[in-house]
Amino acid sequence: MAVSRPLSRFWEWGKNIVCVGRNYADHAKEMGSAVLSEPVLFLKPSTAYAPEGSPILMPAYSRNLHHELELGVVMGKRGRAVPEADAMDYVAGYALCLDMTARDVQDECKKKGLPWTLAKSFTTSCPVSAFVPKEKVPDPHNLKLWLKVNGELRQEGETSSMIFTIPYIISYVSKIMALEEGDIILTGTPKGVGPVKVNDEIQAGIHGVVSMRFKVEKPDY
């Protein structure tokens, strides 16, 4: 008998977390990075998920942990080389996500030409909100995202400012790797990324859709 895998708890069984970098021009500018003609992709392991109610753990090897606020697109079925015109048929819904980044480690990786795994893929590096069914988001390119740290507004952006649209991203990624039901694609962060420290509280939301709250804690090792 098949075991039910509810999309409402995609983080418990979804395999792949695919992340898009530099998908907002204002963020690329604040990072001193060029705006590219194709998406920058990197991956997080499924153990990076931190559903609301669990803490964000500060990596022991980092002294500069940053928040990056992102819209996540949850896949509803398997797709490979998906045509851009059909891409939204593969979407089950959305989640608000944080791409927690050890910025000091990432800077060193960039200098040495190394992958970003240590900076982006640690345990709890992908906090996620509750699942939002596709039907509740008529236009994912017309959403307002916000993030506060200890009550102070840090990030505010609109998904209409994405460089690469969601259908384009799904099509692009699926030509490289097959996407499966329960996978999520993080679509990039607007400007305003910045540091958090142990005991900080992060609140974030999609205006009128969903919100979430996390605390930054020190790991017990």
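Is E108 buried, partly exposed or exposed? I'll start there. This is a predicted model, and in it E108 is partly exposed, at a relative accessible area of 37%.

E108 has a salt-bridge partner, K111, with the closest N and O atoms 3.4 Å apart. K111 counts as exposed, at 67% relative accessibility.

The whole structure has twelve. One of them pairs R9 with E12, and there the closest N and O atoms are 2.6 Å apart. R9 is partly exposed, with a relative accessible area of 38%, while E12 counts as exposed at 51%.

Another joins the side chains of R213 and E201, at 3.1 Å from N to O. R213 belongs to strand β16, residues 210-217, and E201 to strand β15, residues 201-206, so this pair ties together parts twelve residues apart in sequence. Both ends count as partly exposed: R213 at 43% relative accessibility, E201 at 29%.

There is also a network of salt bridges, linking K44, E68, D99, R103 and K120.

Last, a sheet. Three strands make up an open sheet in the order β8-β5-β14, with antiparallel pairing. The edges are β8, residues 101-102, and β14, residues 194-196; each has a single partner strand, so one side of each has no neighbour in the sheet. Between β5, residues 65-67, and β14 there are three bridges.

Conventions. Residues numbered from 1 in each chain as written. Predicted model: local features only at pLDDT ≥ 70, side-chain atom pairs only at ≥ 80, totals over all residues. Heavy atoms only, no water. Pairing = 2+ DSSP bridges. Helix = DSSP H or I, 4+ residues; strand = E, 2+ residues; numbered from the N terminus. Salt bridge = Lys/Arg side-chain N within 4 Å of Asp/Glu carboxyl O. Buried < 20%, exposed > 50% of the residue type's maximum accessible area, 1.4 Å probe, protein only.
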